[in-house]
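Hi everyone, thanks for coming. Let me put the structure up before I start talking.

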Amino acid sequence: MKIGLFIPCYIDQFYPEVGKISYLLLQKLGHEVYVPMDVQCCGQPIANAGYEDLAKPLYNKFVEQYKDFDMVVMPSGSCTYHIKSHYTNVEQSEQLKKIRRVTIDICDFLLKYEKDNLPKVEFSGKVALHTGCHSLRGLRFGEGSEIHKKPHSKLKELLSYAENAIVNDLDRPDECCGFGGTFAIAEEAISVKMGNDKIRDVKRQEVDYLISNDMSCLMHLGGIIKKKKEKIKVMHVIEIFKDFVNG
Amino acid sequence: MKYLKILSMGNHAKHAEKFVNNDSRTDWHDESLWYVRNKRDKAAHAIDEWEELRELASQIKTHTLTKLSDYLREFEANATKNGVVVHWAKDAKEHNEIVLKILQAKNIDRVVKSKSMLTEECHLNQFLESKNIEIVDTDLGEWIVQLKNQPPSHIVMPAIHLKKEEIGQLFKEKNITDIESDDPEFLTLASRVFLRKKFQLSKAAITGVNFAIAETGEVVVCTNEGNADMGVHFSEVSIHCMGLEKIIPKRKHLGVFTRLLARSATGQNITVYTSHHRRPEKGQEKHVILLDNGRSERIHDDDFWTALKCIRCGACMNTCPIYRRSGGYSYDYTIPGPIGSILAPSVDLEAHGDLPFASTLCGSCTDVCPVKIDLHEQLFRWRQIISKKQGANTLRELTNKATSLVLFNRNLYNLSTGLMKYVPSFILNSKLNKWSKGRKTPKISNTSFKSWLKNKNKL
Amino acid sequence: MTSKEYILNKIDKKSREEVSLPQMKLFEDNQYNLLKTFTNECISIGASVVDVKAGNHIPNVLKTLNSKVPIVDLVNKFDLDFSTNEVVDDLYGQDVVFAEGEYGIAENGGIWLDTTKMIHRGLLFSCERLVLLINRKNIILNMNILYDRIGSYDYDFGVLIAGPSKTADIEQSLVIGAQGAKELIVIIE
């Protein structure tokens, strides 16, 4: 497929590895991958701060740059959710409607289209999983404990390609990590408290890794882990394919 | 000064910071509410048709709201036929005056009240007390906060923020008990004895309403303690206070709501008492007061009218990670938590404009809401409205404008990120950067993804 | 303009497209043993259950309760030397009060009482111990079915009572026996 890959600014600057692996993985799986260099942001932080009108130019640029692809893929559940759900205050052109349809998180993309083509990987260790709220409840990456449905987790499913990884469930697997965009600054005390509680939960499970599909959550939780000098490594689930793409 | 106002933290953030400062108490508060959330999950998941019931409840409420005036008229006609006196109150002031008039007509100066968030909304207690009428809140939790001269901190569990030792101290202080005890059974028995006397002396009972049935003119009150019924059946006058939105069309619809309410609120399959009040006892008066107080306005708001579906179960509060860690008082409004944060700004946007920002928009509230209000989406909508109302050229607006510009323009983006690389770590991790108070700041990579890709493609 | 007119005018100022009322369902389910489920629910909510199928008859059960004062029989079912059909209308002075329910709800252990023929309603709530009689034929699965059955009943006051009164308002500690009955005895005949 002709894929437009979107790498949001915080991954571009803080976690380029995640961008690299996304790009190389999709290529290795046989897709034509393009990255419009002019697009840095889907507009979510500005819209969530209450200024969705100020984000309009970003929305329009996104549509203009990504309109010609079969699928628009990104290693970010929160960006995916925002594009699909909140690109509502701009003209709903055919192009925009298509983009809202074909925008997909990379984990979702892989599980939908590349289930049989993904390799089993060597990654091992004890893992705690965190599905970001936008992915969990926004994109239904799993059933939160709120809903009465058969439990499933896309994150777990993707991680299962690492046959030697052991998942220890958190006591509160679907509680928000506390990042919340500008919330992290505007309500810093609660944000950090939520993050600290999450890390305490992770520690109780005695794991080596905290794996998520959302680097914004991990930016916050990883920052807490570093501050508290804990020995937990954070990573995007896509990084389990690191050796596969570099090999 | 507008700039300074925006620079300073919103009220909720200020209160929350204080609350969270007591780490162990925050954990205790958080765990108490999480415990109730878990009970709710157990009860909800035991019913195969839970999600279907939620959908039915949502549809019934939505339908009712689109025909609200018809159902209100129908309710009034049927209730009146049953001998109930129906009153209409435009606002809280009128509501309170109606209550006063009813009591004064019979020279009643002692009243017992059972749980009603609506009467909190109207500040009824303070009003009646100013007219020398004793009004006792007879729900144990409500009574405790009344003794403490505090408002309820949760709409279903008013005293959830108090420890049993504190309640024991309070009871000793107020001579409810002779000794100071922290044993819940002992304290509950003491309140039974003390309050029984109040029931005996009071001539009027005020209750809230969970559901009002248009078809039959009856009102349904769901309780656990027995105090609401004790009040009503032993009083000359009973007054049931309800918001306009409590109407549902037919008695059979109760089948859906009674299966959802208690499970969502406390994890019980049903409250101990589900009382259907239809006609006054012989020789007694029964009144129902229909309160507007902004609801007839809210119903026309395309963004927020469905918040009127709310059945006041409190599930959104129990699940909200921010409510659990900041407590009801941090919201400065009668109803806290997610639903409160949606109702409050429509009452006073200036005073409560910070509430929709007291959220990470995690969406847990939406998924537990028994009537499927899209709470987290409404919080998002409020943010847009509030930011617009705050106007241009505030610090927040300018910051977001600048951010949007930098992210839009590739050159600006490269320039700013390039510069950021040179900000030394001791500044990034200093007090100037609020992020770094509790977290380490992420490092800007030497080679961004885009520069790596650019180089790769050149090769 | 009256407040009523003011309010209704405000609501009718703009009409919204009507959303249709959904069809009600009964959610019947044959997999449940209604009697067993009902009994278990009653016990889990703090009531005690006596099944008189085994030949105890009801007055014997009532006698074993050793009520401190004559049992108040709200439905005039019995004429026993330890029961009375007279009520002293006050909030003190009752111990055991007896009433008969119409339906038992298996999903929550509740008993529906149409109080129209009762000699006094308040005693259901002010007594120390409440005894409710229910016929096993009248145990139904859930609240949808209940309201289907009683949909057109013409009661003055109806109540579903599920278990003895309780509260958890003090640090979420469950206390059985709040303001209403401290004990609920369910007799199934």
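I'll go through a helix pair, the nonpolar cores and one glutamate.

A word on conventions: this is a predicted model, where local features need pLDDT of at least 70, side-chain atom pairs count only at pLDDT 80 or more, and totals for chains, interfaces and linings use all residues. Residues are numbered from 1 along each chain as its sequence is written, chains are lettered from A and ligands numbered from 1 in the order written, and side-chain values use heavy atoms, leaving out hydrogens and water.

Let's begin in chain B. The axes of helix 9 (residues 140-147) and helix 10 (residues 164-173) of chain B come within 10 Å and cross at roughly 65 degrees; axes are lines fitted to C-alpha atoms over the stretch in contact, with angles from 0 to 180 degrees between N-to-C directions. Helices are DSSP runs of H or I, at least four residues, and strands are E runs of at least two, numbered from the N terminus.

Which residues of helix 9 of chain B meet helix 10 of chain B? They are B:Leu140, B:Trp143, B:Ile144 and B:Leu147, and they meet B:Ile167, B:Leu170 and B:Phe171, where contact means heavy atoms within 4.5 Å.

B:Phe171 also touches B:Ile176 and B:Leu187, among others. In the largest nonpolar core, of 225 residues, B:Phe171 is one of those touching the most other members. Such a core joins buried Ala, Val, Leu, Ile, Met, Phe, Trp, Tyr and Cys residues through side-chain atoms within 4.5 Å.

Finally, A:Glu175 sits in the loop between strand 6 (162-167) and helix 10 (183-186) of chain A. A:Glu175 is buried, at 8% relative accessible area; buried means under 20%, exposed over 50%, partly exposed in between, with a 1.4 Å probe and protein chains only. A:Glu175 touches residues including A:His130, A:Lys198 and B:Asp30.

Definitions and conventions
Lists of a residue's contacts leave out its neighbours within four places in sequence.
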